[in-house]
Amino acid sequence: MKQNLVVIGAGMASGRMLEHLLDAAPDAFDVTLFNAEPRGNYNRLMLSPVLSGEKTYEQIVTHDDAWYAARGVTCRFGEHVTKIDRARKVAVSKAGETAYDSLVIATGSAPFIIPVAGRELPGVVTYRDLEDTNAMIAAASPGARAVVIGGGLLGLEAAAGMAARGAEVTVIHLMGHLMERQLDPAAGYLLQKDLERRGIRIHCKGATKAILGNGRVEAVLLEDGTVYPADLVCMAVGIRPETRLATDAHLEIGRGIVVNDRMQTSDPAIRALGECVEHEGQLFGLVAPLYDQAKVLAASLLGQDAAFRPVQTATKLKVTGCDLFSAGDFADAPGREDIVFRDPGRGVYKRLILEGDRLVGAVMYGDTADGQWFFDLIKQGKDVTEARETLIFGPAFAAGGPSADPLAAVAALPPEAEICGCNGVCKGRIVQAVEGGAATLDAVRATTKASASCGSCTGLVEKVMALCLGDGFRADANPPMCRCTDHTHDDVRRLIKSMALKSIPAVMQELGWKTAGGCASCRPALNYYLLADWPTEYRDDRQSRFVNERNHANIQKDGTYSVVPRMWGGVTTPAELRAIADAADKFAVPMVKVTGGQRIDLLGVRKEDLPAIWADLNAAGMVSGAAYAKGLRTVKTCVGSEFCRFGTQDSTGLGIRLEKLLWGSWTPAKVKLGVSGCPRNCAEATCKDIGVVCVDSGYQISVAGAAGLEVKETELLMTVATGDEALEVIAAFTQLYRENSRYLHRIYKWVAKVGLDWCRDQMADPANRRALYDRFLQSQAVHQADPWAELAERPADWAPIADLTLRAAE
Amino acid sequence: MTGFIDIAALDDIPRQGARVVKTPLGCVAIFRTADDRVFALEDRCPHKGGPLSEGIVHGSHVTCPLHGWVFDMATGLAEGADEGSVRTFAARAEGGRVLLDADFLQRRSAA
């Protein structure tokens, strides 16, 4: 007698399962197939070509009416199963009850909807089935504005599809780079670049705050205040297993419906497969393991021996023609080493991850031809020690033998081989220059222009020089930024601007960083350079900052912090002093000290108390004094003409105006100012980074003083007649410093390098000075914000994440 | 009370950052790498007691915020010219949660 088999869900896994089952035993089962969608099995993976217009729905149907009819499958499409009655073995739907001997749950997954206001508005869709696809096709007319929330595979396919139909598409992604589960930051950056080239706007580190609209979606609002107008919003932030039916039936549920190796749920008469299941703690989204499950489940229904064993899968994806590949485990881990190859010109990035003598992972972008070869090496777990030097060049090189030497590769280049693409300089020309006496990189640059434009071939030029000069060659005396790169700070700054690099992964990729994630030395520097050069576009990377700037307080030797509120020009009020005293009492501050910069330091504050003490000081009208920042610290003043019998100008007032203009700006190193009301110089302005000494006729602005590791008197930059001019000159000079200095160089070091005359020339031209001033203000419009106010709202982030002290006492 | 216990959601720890768990043995720093690996280290640099949880995380290494010692987070060993090590604990990320092997507390309370 035939058994009744009820299948809930007609997705790709269940379709494949029915094929296996009905091929092996055409007469064993009476199959009833329910599907919530009003249609049968189609290839969901091919919805993207449907969206972009390359295919029609008809072309992606995998099982048509005739297929079901020929096999006697009763189709109940468009009919929801609302309940499974396990005791009576019936599936309940609107039309009634359907009895089963065996039941298969293949309900797949449901899109995750982020719980923001406006998610119910018409015009907000997900990307799961044909209805969603058709909604996007209808909305994606040329010129229409679409916002996709989620920069994973699905979101990017939705974005590319709509862009192909002429819509103006923006992708908002919560993480720092696209497809972070499949790609590392460098590959994610290249993908972003390719998509942007196709006109898709990408906004990473963007958290959706709300979807706006009156009766229909109109815009998306992000936490950072950005608003993107939208005629359609597609939410593609992820999927979760659709387990509601199974939950209601009291089957065992983890994250998905728990199944054993035979794809049986906790009820042996009920099996499950596809994206709705969890097997040994693992969920499944790629199609390969789902097809394996289909085979095992069919066998299991037929009483045959079969066990589902997930196999390692590689991801080779084509998102709108962007080639990417990832396989194995590409996470950083101890004992692992990276081999990184970058070809900035071709937009190629390859990274191999080795553990001991084995290859364990690979990420590739732009050129994925060798992906399969690497994947095989990963699966075989073969010892790759011998081939290691040249492994990254793939099978073509491996065939040549394991002894190839990187310098030999340069040696093997013919004289006419192009080394510097920007200036069209070939190897022979460089050799000629070196033989003609050019012994340093600068000399080679001066005579041939090789590596003098974008500089990305610097390493190659040096290799050619090393070949010619042998041991006589010393690489540039200007040392590289850190061990992660061969570029100097100056090179990196120049290249960030000339190549328009706007993220840390972008810099690391285009400039050929040798490590995957940088180090504690280069990351803060890069973060600063990007912030200074692209103030409105670059978003600060908090995790690339030193502790003091990350926590907006100075860490002390015992791990506590010091808190210093700003006192404009060193002027305070009784009310502020009371608030500071109250805060010191309330948080049992062990020491209250007056600083050298004319303000008050609360020392010994515990980290978890920081948000609360900030909130109290904020409430009294005070903001962070940035006593921890590579940025404006203090403007020290004397009392000036307001009170002092010698004062020539209002030095206090000018100091306050300067501090109000400059506060919040990030600089290469700390910046301290002083304003003295007369040449007696009580504010000690002539040993500050920037000092003003007031005289009867105006203001003497001098710069590049030091009173720390070195002691040095300032030198006169220029004299101006009015306070307004003083403000403009000082802001413009600060901007000149921000744009040109290397990270961590105080102004005196930077001026020693570029020369005071050069600085004076820059300031002397009114148009240039004005432009610098305007750029400073543009940056301030973004960065002049009190960090305390923002961070005090998230006190939980500052407390321990868990407390196990009680647990141990149990 | 043995084995791994659920500490927090993975997303409560910033990528390339850390959060602290208080224990009777002192604070344990739970680190999350750029690619969602999780490491647990005693939150105390052997050099001068600096809180490693406040260091810059790069790859599977962390640099102490006080004087720049660099530690391999899995072995706890100092790198380069510095000699020393910091205690490590078993931790892992699973299903969006962070699990910490709390056996070290058990042994202590039994003692």
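1. Let's start with where the two chains meet. Chain A puts 32 residues into the contact and chain B puts in 39. Bear in mind that this is a predicted model. On the chain A side, strand 40 (802-803) and helix 27 (805-809) each supply at least two of the residues that touch chain B. Helix 27 of chain A gives the largest share of that side, at three residues. Sorted by class, the chain A side has 16 nonpolar residues, plus eight polar and eight charged ones.

2. Strand 40 of chain A runs parallel to strand 2 (residues 17-23) of chain B, and the two pair over two bridges. If you want a spot to look at, go to A:Ala802, whose bridge partner in strand 2 of chain B is B:Val21. As background, strands of a sheet pair through backbone hydrogen bonds, in either the parallel or the antiparallel sense.

3. Of the 111 residues in chain B, 50% are buried. Counting contacts in chain B with a separation of 6 or more, 42% are between residues 24 or more positions apart.

4. Back in chain A, have a look at helix 22 (residues 723-740) and helix 25 (residues 766-783). Their axes lie 8 Å apart and the helices pack at an angle of about 75 degrees, which makes helix 22 of chain A roughly perpendicular to helix 25 of chain A. From helix 22 of chain A, the contact uses A:Glu728, A:Val729, A:Ala731, A:Ala732, A:Thr734, A:Gln735 and A:Leu736. They meet A:Arg769, A:Leu772, A:Tyr773, A:Arg775 and A:Phe776 of helix 25 of chain A. The contact between these helices divides into seven nonpolar, two polar and three charged residues.

5. Helix 12 of chain A brings A:Arg429, A:Ile430, A:Ala433 and A:Val434 to the contact, while helix 13 of chain A brings A:Val444, A:Thr447 and A:Thr448. By class, this contact has four nonpolar residues, two polar and one charged.

6. Next, a hairpin in chain A. Strand 31 (residues 591-594) and strand 32 (residues 600-605) of chain A pair in the antiparallel sense over four bridges. One of the pairs to check is A:Lys593, with A:Asp601 as its bridge partner in strand 32 of chain A. Five residues sit between the strands of this hairpin, and A:Gln598 takes a positive phi near 65 degrees.

7. Three strands form an open sheet in the order 13-14-15, with antiparallel pairing. Strand 13 (208-213) and strand 15 (227-229) of chain A are the edges, each pairing on one side only. On average, neighbouring strands of this sheet are turned by 20 degrees against each other, direction ignored. Strand 13 of chain A pairs with strand 14 (residues 217-222) of chain A over five bridges, and A:Gly213 has A:Val217 in strand 14 of chain A as its bridge partner.

Key. Residues numbered from 1 in each chain as written. Chains lettered and ligands numbered in written order. Predicted model: local features only at pLDDT ≥ 70, side-chain atom pairs only at ≥ 80, totals over all residues. Contact = placed C-beta atoms within 7 Å. Nonpolar A, V, L, I, M, F, W, Y, C, P; charged D, E, K, R; others polar. Pairing = 2+ DSSP bridges. Axes fitted to C-alpha atoms, helices over the stretch in contact; angles between N-to-C directions. Parallel < 35°, antiparallel > 145°, perpendicular 65-115°, else oblique. Buried ≥ 20, exposed ≤ 12 C-beta atoms within 10 Å, placed from the backbone.
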